[in-house]
Amino acid sequence: MKILLLLLLSCITTLALAQPGDRYSKSLSFMEFKDPKTKLYGFKNEKGKIISPAVYSAVDFDPTWGKWTVTKDSLMGFYTLEGDMILPPIYKFIEPNYEPNNEFIVVSKDNQKYGLMNMEGIKILDLKYPHILDFKKNLLRVGAAHKDSIYNRMIIDTAQNVILDGKVIHANVYEFVEDYPYDSTHVLYIQAIKDEKFALFASTGRQISDFIFTGSFSSRSGLVHARLSYTGNACGVIDKNNKIIIPFIYSSAGVCDNGTIAVSTKEGNRYYFDTT
């Protein structure tokens with residue numbers, strides 16, 4: 001009876017830790033506690049044994065990704081759900097990126113030079129880059145996020161060569177467009193926006209299209225779906241040289257896994273094109 005009661009209490013406690021919509025709940029083997037004298041936080045296990053002494057001014061659990069951020073002397077660190085230290089509290093800036101197939105942590109010790117760590121705390125890039133906004137295939141989208149101008153964004157490589165500069169094209173270097181499938185052979189594009197219109201660029205910085213498209217691009221098998229307008233029949237497909245593969249006369253267009261392009265008309269008709 002005693003064992004059953006303990007198990008029931010354990011289940012109730014575990015359920016209480018999770019909130020609706022959370023992917024992760026706090027682990028009973030690594031729970032925060034607050035020292036009543038120092039007002040600092042530490043961690044202990046379900047038996048009350050102290051795992052980490054109360055030295056942190058703040059601790060925060062992310063239930064979406066199951067990670068702890070801790071703060072000590074105004075510096076931040078990172079723990080796993082189970083209490084393994086990923087990053088010691090020596091950073092002024094920590095920002096994890098949980099994008100599928102592209103997880104990393106942006107870190108900085110001075111908010112001036114930034115680097116990258118993987119989710120195990122192993123260094124990917126040294127602390128020597130401008131503020132890193134994204135990282136794909138040895139290319140970085142960087143820019144001072146606190147600055148007002150959207151034109152300070154640029155694409156650089158890991159040797160800090162400038163690939164695409166927002167100040168030069170006078171546009172916001174908006175984001176990468178990653179081709180599917182996500183393997184070593186996939187194509188990487190860049191999209192920029194100016195006057196609410198998008199243009200497509202190659203990963204070398206070569207401009208592929210003019211600033212004429214509405215909304216973000218999507219890519220599969222090297223082909224890019226785009227739209228000229230949100231209304232009417234304005235969807236089509238171009239290739240990496242801006243050649244029109246499917247004219248912009250459809251209400252929707254997309255590339256399938258087998259290279260087939262599926263399009264729809266506003267009347268509801270659906271057609272397929274073979275690009276192989």
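Student: Which residue is the bridge partner of Y41 in strand 3?

Tutor: The bridge partner of Y41 is Y56. Strands here are DSSP runs of E, at least two residues long, numbered from the N terminus, and two strands pair if DSSP finds at least two bridges between them. The model is predicted, so local features need pLDDT of at least 70 and side-chain atom pairs count only at pLDDT 80 or more, whereas totals for chains, interfaces and linings use all residues. Residues are numbered from 1 along each chain as its sequence is written, and side-chain values use heavy atoms, with hydrogens and water left out.

Student: In which sense do strand 2 and strand 3 pair?

Tutor: In general, strands of a sheet pair through backbone hydrogen bonds, either parallel or antiparallel. Strand 2 and strand 3 (residues 50–56) are antiparallel, with 3 bridges. Together they form a hairpin with 5 residues between the strands. In the turn, G48 has a positive phi of about 90°.

Student: How many aromatic pairs does the structure hold?

Tutor: Rings of Phe, Tyr and Trp (its six-membered ring) pair if their centres lie within 6.5 Å; planes under 30 degrees apart count as stacked, over 60 as edge-to-face and the rest as tilted. There are 17 such pairs in the structure. One of them joins F43 and Y79: with centres 5.7 Å apart and planes at 50°, the pair is tilted. F43 belongs to strand 2 (residues 41–44) and Y79 to strand 6 (residues 75–80), so this contact ties together parts 36 residues apart in sequence.

Student: Are F43 and Y79 buried or exposed?

Tutor: Buried means under 20% relative accessible area, exposed over 50%, partly exposed in between (1.4 Å probe, protein chains only). F43 is buried at 0%, and Y79 is buried at 5%. An edge-to-face case is F104 with F135, at 6.2 Å centre to centre and 85° between the planes. F104 in strand 9 (residues 104–108) and F135 in strand 12 (residues 132–136) are 31 residues apart, so the pair links distant parts of the chain. F104, at 2%, is buried, as is F135 at 10%.

Student: Which residues do ring pairs link into a cluster?

Tutor: The cluster consists of F30, F43, Y56, F61, W68 and Y79.

Student: Which ring lies under the charged end of K194?

Tutor: A charge sits over a ring if NZ of Lys or CZ of Arg is within 6 Å of the ring centre and within 35 degrees of the ring normal. The charged end of K194 sits over the ring of F211, 4.6 Å from its centre.

Conventions
Helices (H or I, at least four residues) and strands (E, at least two) are DSSP runs, numbered from the N terminus.
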